[in-house]
4 protein chains.
Amino acid sequence: MNQYRILIQAPDRSGLVYKAAKIFYENNLNIISNNEFVDNEQNQFFMRTVVAGDIDAKRLNEMLAAEMPEETSITIKLTRKKNIVLMATKEAHVLGDILIRYAEGQLDANIVGILSNYNTLRPLCSHFEIPYYHISADNITREEHEAKVLSTLAMFDSIDYIVLAKYMRILTPEFTKQYPNKMINIHHSFLPAFIGANPYKQAHQRGVKIIGATAHFVNENLDEGPIIEQDVIHVDHAYEWQDMQQAGRDVEKVVLARALKLALEDRIFVNGNKTVIF
Amino acid sequence: MNQYRILIQAPDRSGLVYKAAKIFYENNLNIISNNEFVDNEQNQFFMRTVVAGDIDAKRLNEMLAAEMPEETSITIKLTRKKNIVLMATKEAHVLGDILIRYAEGQLDANIVGILSNYNTLRPLCSHFEIPYYHISADNITREEHEAKVLSTLAMFDSIDYIVLAKYMRILTPEFTKQYPNKMINIHHSFLPAFIGANPYKQAHQRGVKIIGATAHFVNENLDEGPIIEQDVIHVDHAYEWQDMQQAGRDVEKVVLARALKLALEDRIFVNGNKTVIF
Amino acid sequence: MNQYRILIQAPDRSGLVYKAAKIFYENNLNIISNNEFVDNEQNQFFMRTVVAGDIDAKRLNEMLAAEMPEETSITIKLTRKKNIVLMATKEAHVLGDILIRYAEGQLDANIVGILSNYNTLRPLCSHFEIPYYHISADNITREEHEAKVLSTLAMFDSIDYIVLAKYMRILTPEFTKQYPNKMINIHHSFLPAFIGANPYKQAHQRGVKIIGATAHFVNENLDEGPIIEQDVIHVDHAYEWQDMQQAGRDVEKVVLARALKLALEDRIFVNGNKTVIF
Amino acid sequence: MNQYRILIQAPDRSGLVYKAAKIFYENNLNIISNNEFVDNEQNQFFMRTVVAGDIDAKRLNEMLAAEMPEETSITIKLTRKKNIVLMATKEAHVLGDILIRYAEGQLDANIVGILSNYNTLRPLCSHFEIPYYHISADNITREEHEAKVLSTLAMFDSIDYIVLAKYMRILTPEFTKQYPNKMINIHHSFLPAFIGANPYKQAHQRGVKIIGATAHFVNENLDEGPIIEQDVIHVDHAYEWQDMQQAGRDVEKVVLARALKLALEDRIFVNGNKTVIF
């Protein structure tokens, strides 16, 4: 029997749960888990249901759509492995962490490619038998570089998520709008503190006692997309900013890994500039 | 319009969500929030729904029961303030924390009485205009003392929860079985580590780097009831056991407060020796 | 035998530890604990030593000063209880938490007075036998109000620390410069995120997954003084900003309590706009 | 100029700091950092000093020993890279995490070899150019297997630490006594809770809300050596024990990495069955 994850986002109305549950019941779909949330401020209804059964996903979508309000977004996903692309620059800790999970079979995804503006990480990546694309940004404009990246990405059949595993280049809105809510970034600070360059230097200068990391979807505004996951660690006066950076790496990689897991399990709704996570 | 919290625990069957949602829909009950979980190991279905509307709770219970499997437990609670009794010994931090929340209107409960085997806390409690019952355990047997406590508890009209706010006496099974899943205790360790007396001394002796606290329902076996909430803090070699104890107080009071909030909001199911918390 | 806490902050030079240790040794002062740190960026040396023995503090200060570089700051404190004043507005949770610790003998300080711009907290405070000063801000200018507060503070013999236990009024630089590094504030966010008014609303709007609290010394710039202590808790999409606020109270009170404990134990050096904490 | 880390553990006496500081001063050794702690219960003095200068370590040791009480343990280490051996079984997450740090230059050590009772991890390790020794335990006794492991270890010039990166075999006291306070293990629970086999199953069965990991030195008694570092993460009722295991991997690898860093920086004293960590 197949398992389907059904994500419904709709203007809130009375009876939505009943109508969905009725369709599941009449089609012999067994509910394995179910979560709902209503954002009263936005009058938005969110429901994620995992069902087991045998049904045509397109037909199920139609039946649900017929009962739901206009403007409802319905997504039905078979629980298959997703295709992801990793983008990185020179730092190995986040990328390496994903690769180790992948090698150990702990990542429910196919890594179809790794893109980097440097060749630094190629030796590390070569062990994992994943195509590595070095797209240098030297001597070309930002737009030219992004065009090359986009045409490389276009080679892949279908990309579910692009993971910016410490990709240290700013992306233009022209680029990011190609992949709305599909690009996950790890920012090396507890957003919205220390937006921008070298957050660890900023944190050190401010004398904070905690540093953090934030995984978020990328939108047009740098560091301002919907937050998926955050965490922190304690530091003290003896930390130079480089020590903060080194300690911060452990938070970065764990926070990104958690966010990626949520995405791969279809647990994230984007609700304006926020997320609803089941 | 009233709000009701409906808690259903049942042997898992197909269609339970549909059947419940249908009844809510046909009775014009609007679903405000809804959570479900299936424990596959135990084949148990758990569902907590908050609805708004106007209905006789008894009638609703009957309608639900008619559609659910035998052996289903259904609880319907109006979102009214619950009655709680606090039991303490000499330490003020947990009890005082609850009283401050109460005074500030942050505790959704009526504290109908405070019982202690000492008079130590009476001056503190006197400020909050809550009856204080000193039931000394001196020169009487454990059974005699418990009989006195039980007869004092019997004076109250209706007790939703008894909160052991550092009540440092062991209760007999004869006592605890009077209030199944209604007594919440705070244990000053991360259970199941350091069961029994003076966990801080045990923790110090073992040289742990973390100490914790556990809020749990009390059953016949000391420190072994279903766990509701736990948390920890970091310590180091410079902590004497008394320092651990002092630092631990902050975890104890916060963990108990969180557990009590969950109970007052009817978010806890007891599932054998575990809890399901929505 | 007396215990002294000796805090030395000096331009870094070779031999400082040796020179101090020599004086302690020659005066039969037994070192109970000792911590040092050098801020290389600022070329500052920090040393906190707890010694037991019998000596005139003034004489000891002179001996140390004679061996240390010019511009050295030396503070010698007998481990006596400090005098603190609490300032609050209407919220009870932080103030109440301090009072419960006080009542239980867990606070190593004398609370010599409580000041508030409202009378709201008087009933709560009355139980703890601490003078309560209601200094209304109604119908007077900020300067007039601060003058009244200052003249009330002037009544006390000696104030070691002023604790702003959710004192919700902005203080002018004229006020704050009267008590440099002596006023401890709890800010209801993880600074520097969400500076200013209603951080919980800001946090909710940004969709963060973590909220925090920051205890810091107050200087002329609102929310920008040296940070003493910070901590966070996790939240999710189901939190309204009011839920964040309620959950945040537990972090606020615990973080302020930790910061106050550090201050009462003379563990904090102010190093420019940062702190060094042993 | 060289940097030396000087670790002194001695029966507590008056004047120890002075005597050590005098020697450092007279030999033109500049104190970069210094920490002391006295365990009053055991009457033990611990001091770790980092100095910069130019001196013969053996001569410095003699000078210090001449001034210290009998039974003092003095260790002087140049801040050079240490040699470590990794031992693993089949799981890649802890081992892989160390290897990524190593590849990125974040590990201040030479990994001289990797030993495993399986060949499973050889492909992963092959990328990092570290000798991999497969020492099968099939069809031989525990003693025979350990003899083979010991003889492989004996091949290395000098081993500072052996890191058990999820080495899932029990070691006999005969083995562990060869490397006292030199073997670091990661145990997949918050010790002393859930000693022994499959702690995640035990944790799931007990219904805990937190799971943890513990890095400790290995001594003769399984899971009872001095604890170096611990941490935890929150879980809930929806976690099967396998989910706990998967989530726990992130704690395991981070906790072991922190413990290893402390060891490589010579920050750990063993104090009976506990650690003192600066």
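Ala, Val, Leu, Ile, Met, Phe, Trp, Tyr, Cys and Pro count here as nonpolar, Asp, Glu, Lys and Arg as charged, and the others, Gly among them, as polar. The views below come from a predicted model, where local features need pLDDT of at least 70, side-chain atom pairs count only at pLDDT 80 or more, and totals for chains, interfaces and linings use all residues. Residues are numbered from 1 along each chain as its sequence is written, chains are lettered from A and ligands numbered from 1 in the order in which they are written, and side-chain values use heavy atoms, leaving out hydrogens and water.

**View 1. The second largest pocket has a volume of about 580 Å³.** Closest to its centre, out of 29 lining residues, are Tyr167(A), Met168(A), Arg169(A), His188(A) and Gly196(A). A pocket is an open set of points on a 1 Å grid over the protein atoms alone, where a 1.4 Å probe fits, with protein on both sides within 12 Å along at least five of seven lines; lining residues have an atom within 4 Å of a point. Grid points are joined across faces, edges and corners, and the volume is the space filled by probe spheres set on the points. Sorted by type, the lining has 11 nonpolar, 11 polar and seven charged residues. Helices (H or I, at least four residues) and strands (E, at least two) are DSSP runs, numbered from the N terminus.

**View 2. Helix H1 (residues 16–26) of chain A has its buried residues at Leu16(A), Val17(A), Tyr18(A), Ala20(A), Ala21(A), Ile23(A) and Phe24(A).** Buried means under 20% relative accessible area (1.4 Å probe, protein chains only). What covers them? From chain A, the cover includes strands S1 (2–11), S2 (30–39) and S3 (44–53) plus helix H2 (57–67), while chain B brings in helix H1 (16–26) and strand S2 (30–39). Just past H1(A), Asn28(A) takes a positive phi of about 55°.

**View 3. Gly212(B) sits in strand S10 (residues 210–217) of chain B.** Is Gly212(B) buried or exposed? With a relative accessibility of 4%, Gly212(B) counts as buried. Setting aside neighbours within four places in sequence, Gly212(B) is in contact (heavy atoms within 4.5 Å) with His188(B), Ser189(B), Phe190(B), Asp231(B) and Val232(B). His234(B) is 22 residues away from Gly212(B) in sequence, and their C-alpha atoms are 8.7 Å apart.

Notes
Buried < 20%, exposed > 50% of the residue type's maximum accessible area, 1.4 Å probe, protein only.
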